[in-house]
Amino acid sequence: MFVSLQFKLELKREDKEKLIQLMRKQSSAIRVAYNMLKELGKEKTKNPHSQIYQRLRQLFPDLPTKYIDSAIYKAKQYPTDKSVVFGGKRLFEKLCKNHLTGKLRERLKKQ
């Protein structure tokens, strides 16, 4: 039997800022790991995990080891053959809107 708890966590302002900075570094590490996976996938390297780990350790020295391993694991979950947008829904919508040019964009405006 499992027991689950639900609660609201209230943080002090400085703790909240630290948490937000940690989350930003984590998402940046995921993006860098994904880009490196795509590059190393083309080269067919033998052990990409250790190369990516060393590079992330250099780029993000204050990020805990657990978060770096997690970033590599999450980056491996994304498809490397398709384009991936890292960011929120708003960024995705902007990219979709600005991607269309010329006659196709004008036709969609008329519709």
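**View 1. Helices in this predicted model are DSSP runs of at least four residues, numbered from the N terminus.** The model is predicted. Its protein chain has five helices and zero strands. Along the sequence the pattern reads α-α-α-α-α. The chain holds 111 residues, and 17% of them count as buried. Take the contacts with a separation of 6 or more: residues 24 or more positions apart account for 55% of them.

**View 2. Helix 1 spans residues 13-43.** This helix has 31 residues. From its first C-alpha to its last it reaches 45 Å, close to the 45 Å expected at 1.5 Å a residue. Its buried residues are Gln26, Ser28, Ala29, Ile30, Val32, Ala33, Tyr34, Met36, Leu37 and Leu40. These residues pack against helix 2 and helix 3. Just after helix 1 comes Lys44, with a positive phi of about 55 degrees.

**View 3. The largest nonpolar core holds 17 residues.** Seven of its residues touch the most other members: Ala29, Ala33, Ile52, Leu56, Phe60, Ile68 and Ile72. Three helices each supply at least two residues of this core: helix 1 (13-43), helix 2 (48-59) and helix 3 (65-77). Helix 1 gives the largest share, eight residues. In soluble globular proteins, nonpolar side chains tend to be buried together. Leaving out residues up to four places away in sequence, Ala29 touches Leu56, Phe60, Leu63 and Ala71.

**View 4. Gln26 is a buried residue of helix 1.** Which side of the cut-off does Gln26 fall on, buried or exposed? Its relative accessibility is 9%, and buried means under 20%, so Gln26 counts as buried. Which residues does Gln26 contact, leaving aside its neighbours within four places in sequence? They are Leu63, Tyr67, Ser70, Ala71 and Lys74. One of these, Tyr67, also has a charge over its ring. Lys66 lies over the face of Tyr67, at 5.6 Å from the ring centre.

**View 5. Lys25 lies in helix 1.** With a relative accessible area of 27%, Lys25 is partly exposed. Beyond its neighbours within four places in sequence, Lys25 is in contact with Phe60, Asp62 and Leu63. Asp62 is 37 residues away from Lys25 along the chain. The C-alpha atoms of Lys25 and Asp62 are separated by 9.4 Å.

**View 6. Tyr34 and Tyr78 form an aromatic pair.** The count for the structure comes to one aromatic pair. The ring centres of Tyr34 and Tyr78 are 6.1 Å apart. Their planes stand at 90 degrees, and over 60 degrees counts as edge-to-face, so this pair is edge-to-face. Where do the two partners sit? Tyr34 lies in helix 1, and Tyr78 lies in the loop between helix 3 and helix 4 (89-99). The pair therefore ties together parts that are 44 residues apart in sequence. Tyr34 is buried, with a relative accessible area of 2%. Tyr78 counts as partly exposed, at 34% relative accessibility.

**View 7. Phe86 sits in the loop between helix 3 and helix 4.** At 24% relative accessibility, Phe86 counts as partly exposed. Which residue is 55 places from Phe86 along the chain, with C-alpha atoms 6.9 Å apart? That residue is Arg31.

Terms used:
Residues are numbered from 1 along each chain as its sequence is written. This is a predicted model: local features need pLDDT of at least 70, side-chain atom pairs count only at pLDDT 80 or more; totals for chains, interfaces and linings use all residues. Side-chain values use heavy atoms; hydrogens and water are left out. A nonpolar core is a set of buried Ala, Val, Leu, Ile, Met, Phe, Trp, Tyr and Cys residues joined through side-chain atoms within 4.5 Å. Buried means under 20% relative accessible area, exposed over 50%, partly exposed in between (1.4 Å probe, protein chains only). Contact means heavy atoms within 4.5 Å. Rings of Phe, Tyr and Trp (its six-membered ring) pair if their centres lie within 6.5 Å; planes under 30 degrees apart count as stacked, over 60 as edge-to-face and the rest as tilted. A charge sits over a ring if NZ of Lys or CZ of Arg is within 6 Å of the ring centre and within 35 degrees of the ring normal. The expected span of a helix is 1.5 Å times one less than its number of residues.
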